[in-house]
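This note is meant for a colleague who is opening the model for the first time.

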Amino acid sequence: MSPSSTTSPAVGAVRTALGVSGALALVIGLLILLWPGRTAQVAVGIIAVYVIIAGVVNIGIGLFWRSGWARIGYIVLGVLFIVAGIFSFTNLPAAAAWFGVFIGTLVGILWIIEGVVSLTTAGHGSKARAWTIFFAIVSIVAGVVLLFSPLLGAVTLFLLIGVSLVILGVFQIVRAIQFGKAV
């Protein structure tokens, strides 16, 4: 058996995986850029399906739990999950907007915390002290700006993800075409 015949199936599998993942990234990125509102609604719909399934699972756990507060807790949690999932489906645009505000607020808070934590490490004799302080200030300011407009920030981040997926998808497809030619 020649070496090329043993690597050929592996090269083909890698090329296929690169091509499929590149095409998927390209399609999702284009969907985000061309129909951001609808794509966000589809994403929230997928999350709502997951939440409803998680609710059914929690109710099942509660029903089969021996007894006590855990049993009641699982059942109540399951019911809340199901209600949240159904509520999301009743008005997907509002649920997508609320989810955007939630994500924007969460990222804003995390950026502020990251900036404060970076400031606490700036005094430890690091050679990159000026860069650390600069990063911390930018992180805190960006976090505060995001807190004042979390939905706009979330939309901007969503569109940046779309652009990134399109670029990465194209590169991945090119890699799939080129992969194995030099092997």
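1. In α2 the buried residues are Thr39, Gln41, Val44, Gly45, Ala48, Ala54, Gly55, Asn58 and Gly62, where buried means under 20% relative accessible area, exposed means over 50%, and partly exposed lies in between, with a 1.4 Å probe and protein chains only. Helices here are DSSP runs of H or I with at least four residues, strands are runs of E with at least two, and both are numbered from the N terminus. This is a predicted model, in which local features need pLDDT of at least 70 and side-chain atom pairs count only at pLDDT 80 or more, while totals for chains, interfaces and linings use all residues. Residues are numbered from 1 along each chain as its sequence is written, and side-chain values use heavy atoms, with hydrogens and water left out.

2. The helix α2 has 29 residues and reaches 42 Å from its first C-alpha to its last, close to the 42 Å expected at 1.5 Å a residue; the expected span is 1.5 Å times one less than the number of residues. Gln41, which is found in α2, counts as buried because its relative accessibility is 15%. Once neighbours within four places in sequence are left aside, Gln41 is in contact with Leu92, Pro93 and Ala96, contact being heavy atoms within 4.5 Å.

3. The helix α6 also deserves a look from end to end: it has 29 residues and reaches 41 Å from its first C-alpha to its last, close to the 42 Å expected at 1.5 Å a residue. Buried in α6 are Pro150, Gly153, Ala154, Gly162, Val166, Gly169 and Ala176. Just after α6, Gly180 takes a positive phi of about 90°.

4. Which residues does Phe158 touch, not counting residues up to four places away in sequence? Phe158 touches Ile32, Pro36, Thr39 and Ala40, and Phe158 itself is found in helix α6. With a relative accessibility of 22%, Phe158 counts as partly exposed. The C-alpha atoms of Phe158 and Ala13 are separated by 31 Å, and these two residues are 145 residues apart along the chain.

5. In helix α4, where Gly104 is found, this glycine is buried, with a relative accessible area of 1%. Leaving aside neighbours within four places in sequence, Gly104 is in contact with Leu146, Pro150 and Ala154. Gly104 and Phe134 are 30 residues apart along the chain, and their C-alpha atoms are separated by 22 Å.

6. Rolling a probe the size of a water molecule over the atoms shows where empty space is left. On a 1 Å grid over the protein atoms alone, a cavity is a set of points where a 1.4 Å probe fits but cannot get out, whereas a pocket is an open set with protein on both sides within 12 Å along at least five of seven lines, and lining residues have an atom within 4 Å of a point. Grid points are joined across faces, edges and corners, and a volume is the space filled by probe spheres set on the points.

7. The largest pocket has a volume of about 410 Å³. It is lined by 18 residues, of which Ala40, Ala96, Gly100, Ala154 and Phe158 are the closest to its centre. At least two lining residues come from each of α2 (36–64), α4 (92–121) and α6 (150–178). By class, the lining of the largest pocket has 15 nonpolar, three polar and no charged residues, with Ala, Val, Leu, Ile, Met, Phe, Trp, Tyr, Cys and Pro counted as nonpolar, Asp, Glu, Lys and Arg as charged, and the others, Gly among them, as polar.

8. The second largest pocket holds about 300 Å³ of space. Of its 14 lining residues, Ala84, Ser88, Ala95, Trp98 and Phe99 are the closest to its centre. While α2, α3 (69–90) and α4 each supply at least two residues of this lining, the largest share, five residues, comes from α4.

9. Rings of Phe, Tyr and Trp (its six-membered ring) pair if their centres lie within 6.5 Å, and planes under 30 degrees apart count as stacked, over 60 as edge-to-face and the rest as tilted. The count comes to three aromatic pairs. Among them, Trp65 and Tyr74 form a tilted pair, because their ring centres are 5.5 Å apart and their planes stand at 50°.
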